[in-house]
Amino acid sequence: MIFRFILRRLAVFVLQLSGITAAVFVVIRLLPADPVAQLVGLNASRDAYEASKHALGLDRPMWAQFVSFVGLDKAHDGLLEGNLGTSWVTSQPVRREIFESLPVTLEIVTYALLLAFLVALPLGLASARKPGGLADRGTLLWGLFAGAQPDYWWGLLFVFVFFFLLNIAPPPMGRFDPLMTAPPAITGFITIDCLLAGDLGAFWIALQYIALPVLTLAFVVSGAIIKMVRTNTLRALQSDYMLYARASGLPERMVARYALRAALTPAVTLVGIFYGVLLSSAVTVEVVFSLNGIGQYAIRSVLAFDYPAIQGTVLVVAIVSLLVYLLLDIVHAYLDPRIRT
Amino acid sequence: MNAVLPPDGLARADAVIAVEGLRVSFPKPEGGALVAVRDVSLSIAPGEFVGLMGEPGCGKSTVAIAMMGLVRPPGRIEAGQVRFDGRDLLTLPEAERARLRGRQIGLIVQNPRTALHPLINVGTQIANVYRAHNDCTRRAAWARAIEMLEMVGINDPARRARAFPHELSTGMTQRVLIAMALSSTPRLLIADEPTSGLDVTIQTGFLDQMWQAARSSGSAVLLVTQNLGIVANYCDRVLIMREGTVVEQAPVRRFFEAPQHAYSQRILALQREEAGADHAARSEEIDDKAPLIEVEALTKHFRLRNGDVVHAADDVSFTLRPGECMGLVGESGSGKTTTGRCLLRLETPTAGTLRYRGMPLSELSDAQFRPNRANLQIVFQDPLDSMNPRWSVAEVIEEMLSLHTDLRVEARRHRIDELLTLVGLSPELRDRHPTELSGGRQQRVAIARAIATNPDFIVLDEPTSALTPETTAEIITLLMDLSRRLGVAYLFISHDLTTVKYICHRIAVMYLGQIVEIGTKEQVFGTPAHPYTQALIGAHLFPDLATRRVDRPPRPMLEGEIPSPINLPDGCYLASRCPQKTGRCATERQELVPLADGRQVRCWRAAAGELTPLEERSHTS
Amino acid sequence: MTLAGDTTTPEEMDQRVDPAVLHAGDVPGDVARNARRGGMLLYLGIFIIALSMLLAAFGPELAPYDPTAASSDISMAPPALADMPHLLFDSITGRLHAPFHWMGTDQSGLDVFSRIITAPRTDMTIALSAAVLSCIIGTLLGLLAGYERNVATESLMRVSDVLQAFPVFITAMMLVALAGRSSFNIVIALVLVYTPIFVRLTRAEVMGQVPRTYVEAARAAGNRPIAIACRHVLPNSLVPSIVQSSATVGFAIILTAGLSFVGAGVRPPTPEWGLMISQGAPQLILGQWWCSVFPGLAMSIVVFGYAVVGHSFEARFR
């Protein structure tokens, strides 16, 4: 029963979320860093230090802080009300800052995954149809090679080649031309916003700016996707039911559909894993291209010991990953009835 | 009803299919190719039932599917002709071949679950096949699919059609596949080990059904099998393959009476031995010594995650004397394997007592039980899987010695050599890995391990089920030899009545966790008392042409399938299927009752002498 | 984060694959390929690994210049590649006054080549320690969780799940920055991030071995449960861990360098590949490529070596 599966999966999701919330909160406070000193400076007086500590709420016991954070005490708005706290550095609500930077990252990650699949799918299928052939050996080497690369370095290489040497890419200064006005941010995804504003010229510019970061991320994950497509297709092609389908006289068209269905269904959950990997890779790639996504936000928060921002970032990124896993698990259960039990 | 056959069936003008010079190869990892099938030629007459026998890896499955122009990737059909309907299949375009398949040539594979696409429901798959051969709408095809399911005896076909392959039992799935294969009355049906893994009664029912359907539609059948019993009871002709070539082709009668090739003779060794010599175990050989093992009211319940209770073994009682070999037979769910494991504390019994040489073992803790393992040993069904994949032959055996004896290194070496020789292996094999040995040799190593500490009692859990007929004969002979020499008692758990009949003195028949009949071999095989025993022996395919199944009138089989061991009825467990049941059977719990000739039966009607006996057979001598 | 060819995922491993379906690596095409290319590629990988460890041990001694002291008045000198042949000749015949800058200098005048071969001492030490530690801890915990299925081990798995849900890079960054940016803390952070993977891998493998007949046979022979776990189950469950540890060394190098790249890792002026890349990044955009390209190249070659060795091991033992 797929309904029961969804319920169970949702319960797991909620549990994982609670676990992460508690974990990130506790772990941060257990580490020896002193955010107060960071903020007031090393030469501050004792009083200034204590005042600052009190203002940040760090003088209260940990459980009290956690309760406020979650939103269970009446004095503060917490997670349950959707409040992620206020940044200690900018004094802006963390939620707003995250929602401004998150779509940037999600945009390049999603495009990168799409691009990688577009390229990897036919390559993987080709290499599976003739194991041991040229396409196959090529993809093995490519998989080993591409999977061992530092994404930030390749980002820089692409900048050097396409921007400096060939002059076809824009400088790595964010995701839009700094001299032009960007379209109003409705979704936060700049390409979609351009389309929504009906501005095709801006759309083209945005594409140019995000082309290299997307290319870098796609490159990183392409090898693994090819290998996965190849393995799954080979398994499907060599299985008994393919032989039997032919033996029953099914036309080649239907046999191919059987194969594709069997090959791609197990791949669904793997897409989630790739998504998580790309989210992680995106952090450094954002630095290279100055994209101001959630990766750079995280870096800034961490280096400044900005606890609310750190907590918020970790939580939100984890939620995104977990949501993606959840959705993909459900799709997988829909496609593969064996999972539902 | 039999087709008229020429002396050797070759090169008939009206043969349904004629294969010539077939050659199939598979690429090897190191480069080059492994020739799986070399220069095989055969032909099949219309309506003929031909058996293709050989051990795993001999190429018989490859030949079978190559006859349809198919080969498992990455193999290739390199050469040969397959003449069907006047044309060479192998040179036809693929689209033409696809038209022939399913329609003119049907296929039934070994593992029905893996033959069906795991992600598409059963009804759709049947409908797809139907639409491939008949022009009709999707709705019509779906209706036809439901019809077919009903035809093969599946209840609630409309709902089952939406089920997925993993939700059906193996037996049901196999029947679906037959329905699919025979629905278009093909001229040739290729069945590749269609019954391996099925229970005895189900297997025979299936083969009967297949035989009937083939006869009525005039289809010829090529049956690939390893089972001599199937060949003897159903086939008109048999081909023996070895290492890619056909080594013997003969009508079945001649094959059994006078096998020509040395390999055929080895396969038939056990049957021929029995016919000639008098080596089979005899019940009089066992002295009336004090019992070695006493089992009383052994019960084992498994609790599942959802709270259901599986009654694996229920009130099992028997005794075993030193040197005796007792057979424990039954189908899946009978509890025979569970019983064996409980005896050795590999499972903890829920209730019951176990005594070894009078000592109660059931009250011992696991740690206290451990020293007894030197005397109570086991040989498993899958010899390779029962040995640590990283260990050599010597290490496998040595473990027993280091755990239970004080022997030093030199003495252990000596003992290992001694044991290897005892089981018929050369001591030079000591440093080899089991993966390098054949199945028969692996089992010999496992036996050497079992006798390493001179046990009194060994549980043999289907020791020959995973072996070829040739090797089975060797291992059974070895086991009997060892029993005589070392005085070991055996509990021989098996579903293969042929070997049980050979090696055992006494037999206990189990059904759904209970012993339903227990007596000497002569009693149980000669005059089975319990209806289940009768059905089991009636369904078993003995490789004996004198009792060839298709030549005799059909006998009443048990209805339906083996019920689940979770919700057992109050009365006799067999009541739902027994052809001789009465009202009282369904409500009264049956107990083991002794009969006049010393055996025990769990059936009040049998005890009262009310049952019609099975025809006298000429099995026991 | 990168994937050095490893795509078996936690979820995939928890779902036991239908035995009738082939495993990757059992596919005949795989075996064919691996055997033919295996030889040459494997030797290349081993050579690279050996070189990296050699440099980790002796790098600083072999460096022609002090990696932390400005050795040239010329800052941002381009590499002497064009003059390579005759310079090589000169240096052999001893006619050069001072070793030349194979790979140029950076904006502080530090010799790039010296810094590149000194960096392994930092990068490799951290990566190898992290990989070995997380492998050992993860494997032992995985063995425990797979062999004994009780409340304690199931809770362990839930904790491991939670740890794995954390975004890898951000978590590592957080741990290092907040605990203090030292090599030791980087190792700890990496161990925390990588151990759950080993736990899952080993547990899945152990759960696959426990129902096998030889484990039951070991019990029937009279072994104690601990003996069964250590003598039988563990040695047969190690292959995935060993393969993964090779890949993990690679990931760890990239992650360490990545942390330094964003400023949350090793502190300058320690020679470290990631730091070098980030310091050279502003110059690269303007065309002075050698400060960033060479360290990245070195890193990618080393990680490739580890990936190849892991892959060959997997192909051989599957």
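The questions and answers that follow concern backbone angles, a chain contact and a domain contact.

Analyst: This is a predicted model, in which local features need pLDDT of at least 70 and side-chain atom pairs count only at pLDDT 80 or more, while totals for chains, interfaces and linings use all residues. Residues are numbered from 1 along each chain as its sequence is written, and chains are lettered from A and ligands numbered from 1 in the order in which they are written.

User: Is Asn167(A), which has a positive phi, buried or exposed?

Analyst: Most residues other than glycine have a negative phi. Asn167(A) has a phi of about 60° without being a glycine, and it sits in the loop between helix H7 (151-165) and helix H8 (190-196) of chain A; helices here are DSSP runs of H or I with at least four residues, numbered from the N terminus. A residue is buried with 20 or more other C-beta atoms within 10 Å of its own, exposed with 12 or fewer, and partly exposed in between, the C-beta atoms being placed from the backbone. Because Asn167(A) has 8 C-beta neighbours inside 10 Å, its class is exposed.

User: Which helix gives the largest share of the side of chain C that touches chain B?

Analyst: The contact involves 24 residues of chain B and 19 residues of chain C, where contact means C-beta atoms, placed from the backbone, within 7 Å. On the side of chain C, helix H2 (28-62) and helix H8 (213-221) each supply at least two residues. The largest share, seven residues, comes from H8(C).

User: How many residues of the side of chain C that touches chain B are nonpolar?

Analyst: Nonpolar covers Ala, Val, Leu, Ile, Met, Phe, Trp, Tyr, Cys and Pro; charged covers Asp, Glu, Lys and Arg; the others, Gly among them, are polar. That side of chain C has three charged and six polar residues, and its nonpolar residues number 10.

User: Which helix gives the most to the side of domain 1 of chain B that touches domain 2 of chain B?

Analyst: An automatic or database domain assignment gives chain B domain 1 (1-98 + 228-267) and domain 2 (276-620). Their C-alpha centres lie 36 Å apart, and 11 residues of domain 1 are in contact with 12 residues of domain 2. Helix H9 (228-234), helix H10 (252-257) and helix H11 (262-267) of chain B each supply at least two residues of the domain 1 side. With six residues, the helix that gives the most is H9(B).

Methods
Two residues are in contact if their C-beta atoms, placed from the backbone, lie within 7 Å.
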